[in-house]
Amino acid sequence: MSVTIAMMDQAGIDRMLISAWVAPRNVMISNDEVAGFVAEAPDRLVGVGSVDISHPMDAVREIRRCVRELGFRAIRVLPWLWEVPPTDRRFYPVYAACVEEGVPFCTQIGHTGPLMPSEVGRPIYLDQVALDFPELAIVGGHIGYPWTDEAVAVATKHENVYIDTSAYTARRYPDQLVAYLRGNGARKVMFGTNYPMFPPAAALKDLDALDLSDETQALFLGGNARRVFGL
């Protein structure tokens, strides 16, 4: 954990979300492990939980525990791990529990780096989710490439849909996303790293080349996340 905090300090990052990873028949990083990491640096790290969607009621109970007992500020489930889109019926109890607990649902949009089907990451699937759960804050990570236009369209259409830039360095943001960020998407896009894939400093490199206003940059680097995650 000391290495992670040092990386944050190097990049000037005050707080960072860290997430559990739950896959079918495999808990790669458990919610309790994440809670342990947060306990080591409670002023710097924010916990994000994950659940097994194949057992809906267990998932609902675990979401309640994550929020009420562990103090987590979001729940994250990746459709490509389950090889089903976020409109699959098994996701719906998760969405309802997130609304009840007042926390955002985080997911991945776009293609997969691992050799798994990418179709389930199409951002347009979140359109139906947002229609069914208008109260749910939805954060689509990894910018939605190669369907970035879809991601921007869904975020523009729905008040509570957001995009984060995790897994991309600033110089690799698609032009459509940069234009959205500079314009009417200033309050809808959040900076992310996907650490340890990218150290925070590497993800921030070339940020100035985006030519963001001071207000937009402040929202992108922290203001939007503080609002959406209630930090």
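**Salt bridges, exposure and cores in a predicted model**

Student: What makes the contact between glutamate 100 and arginine 64 a salt bridge, given that their closest N and O atoms are 3.7 Å apart?

Tutor: A salt bridge is defined here as a side-chain nitrogen of Lys or Arg within 4 Å of a carboxyl oxygen of Asp or Glu, and because the closest N and O atoms of arginine 64 and glutamate 100 are 3.7 Å apart, the pair qualifies. The pair links distant parts of the chain, with glutamate 100 in helix H5 (residues 92–101) and arginine 64 in helix H3, 36 residues apart; helices are DSSP runs of H or I of at least four residues, numbered from the N terminus. This is a predicted model, in which local features need pLDDT of at least 70 and side-chain atom pairs count only at pLDDT 80 or more, while totals for chains, interfaces and linings use all residues. Residues are numbered from 1 along each chain as its sequence is written, and side-chain values use heavy atoms, with hydrogens and water left out.

Student: Why is glutamate 100 called exposed, and why is arginine 64 called partly exposed?

Tutor: Buried means under 20% relative accessible area, exposed over 50%, and partly exposed in between, with a 1.4 Å probe and protein chains only. Glutamate 100 has a relative accessible area of 58%, so it is exposed, whereas arginine 64, with 30%, is therefore partly exposed.

Student: Why does aspartate 88 count as buried, and what is the state of its partner arginine 90?

Tutor: The side chains of aspartate 88 and arginine 90 meet in a salt bridge of 2.8 Å, N to O. Aspartate 88 has 14% relative accessibility and so counts as buried, while arginine 90, with a relative accessible area of 26%, is partly exposed.

Student: What makes a set of residues a nonpolar core, and which residues have the most contacts inside the largest one?

Tutor: A nonpolar core is a set of buried Ala, Val, Leu, Ile, Met, Phe, Trp, Tyr and Cys residues joined through side-chain atoms within 4.5 Å. The largest has 68 residues, and those with the most contacts inside it are Val94 and Tyr173. The largest share of this core, 5 residues, comes from H3.

Conventions. Helices (H or I, at least four residues) and strands (E, at least two) are DSSP runs, numbered from the N terminus.
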